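Hi everyone, thanks for coming. Let me put the structure up, and then I'll walk you through a pocket and a few backbone spots.

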Amino acid sequence: RKGLSRAHRSPRGGRAGRRAVVMATLENFLDAAAAAVNANDGATLARLLDVNLADAARAVEGAIASDAGLNLGAQCASKIRAPYDEIFAHHCQCLAAKAENRGDDAFVSCKATTEAFVKDYRTCDTAWAIDALVRFVKNARELADVADAEAVAAKKKPERLHDAGALLMLVYRNSSNTSVKEKKRASLFLVVMLFKIYFKLNTLHLCKNLINAVNLPTFPPFEGFPKSQRVTYSYYVGRLAVFDDDFEKAETHLTYAFEKCPRTHLKNKTLTLKYLVPVKLALGKLPTKALLEKYGLDEFVEIADALRQGNVRKLNDALAKFQVVFIMQGTFLVLERLRELAIRTLFVKVHAYCAAKYPAKANQVSLALFLRALHWLGCDEMDLDEVECVVANLIMRKRIKGYVSHEKRVVVLSKVSPFPPWC
């Protein structure tokens, strides 16, 4: 016989209290559930509703094995007060389906369990069961993934993660649209879980309303939530900003996520850098080689070197070498724009050469000389007209201050700050 030893973390990140429970039989399990409900013991209730609780699964399996016609609803009703009798009846069905590897049935039962719980939770004037709400959300996400994996294996369309998203939104609405402040402690956790689903489903537009809700004055203070939730939220908001080409916003949120993430969580810090580094590069901020080596980001080492050198060929080679990696991360289009930065860096070097060789015309750069530099770096397909167009575009985008003399084929630079800061 085993007691419940797994600790449950509440939405505030603390460790909840423990209640020793022996569950050798279904009767023991339902007695424990009734005791938790009658005592308003949210921590124990949450543990009992964990779909991965082995003791509970064995108790349900044993009861069904000994009585194939067992009425789980009647058993629960005889032990547990309404509406938790219905909740635990659905939960027992979920445990049985999961034990038999019927993933889709397990999700359907989990969905019914959650809906029954939310129906009561929204009218409750306290938040004693908030830990159970968190547990339901985790159950739904896990079982949806299992059900969809089964569907893919059976060559069917996976739909349960989409259903889980709708279910979580129901939970979110009923826990955030309330006058009971304690119920809102799970708000950011729910937002983060919805982000994870929307990113996996590639329905990113659904994240915007959640971000707007977090920014409302009625939403609980952001810094009052657990650090893990704040870090994860900032990570996803930063990634959304990358897709929207809002690099300054992306830098702010991703930097927050990176700096607040504990040093021991190396994997998460590395994952954040895979988006923060491209954002900083797009803003003209080059990472140190030591930082890239520390987190094993070898794909950015050659890119950073190419940008420092203004080596367009090296940049093109690095982008081609890691193209698949960057496409999978969703950062390839951002990194492709770095060619403009590399070209300007090369132009700055050509200008320095011209200024040293022809001091009297220090503010002029020959387009033919710039073309030779590009050809030397392997950009053989470019001609003088194309180079003139590239430089004109840099001037238009305010990367260079000056004008192009088409007749003389030279660039006349401003004598004051000809190369403004990139960002």
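**A pocket and some backbone spots**

So, the second largest pocket has a volume of about 290 Å³. This is a predicted model, where local features need pLDDT of at least 70, side-chain atom pairs count only at pLDDT 80 or more, and totals for chains, interfaces and linings use all residues. Residues are numbered from 1 along each chain as its sequence is written, and side-chain values use heavy atoms, leaving out hydrogens and water.

A pocket here is an open set of points on a 1 Å grid over the protein atoms alone, where a 1.4 Å probe fits, with protein on both sides within 12 Å along at least five of seven lines; lining residues have an atom within 4 Å of a point. Volume is the space filled by probe spheres set on the points, which are joined across faces, edges and corners.

What lines the second largest pocket? There are 16 residues, with V312, R339, I343, M382 and V390 nearest the centre. Helix α21 gives the largest share, 4 residues. Helices are DSSP runs of H or I, at least four residues, and strands are runs of E, at least two, numbered from the N terminus.

Now the backbone. A82 and P83 are joined by a cis peptide bond, omega about 0°, and P83 sits in the loop between α4 and α5.

K155 isn't a glycine, yet has a positive phi of about 60°. Its loop runs between α7 and α8. R409, in the loop between β2 and β3, also has a positive phi, about 55°.
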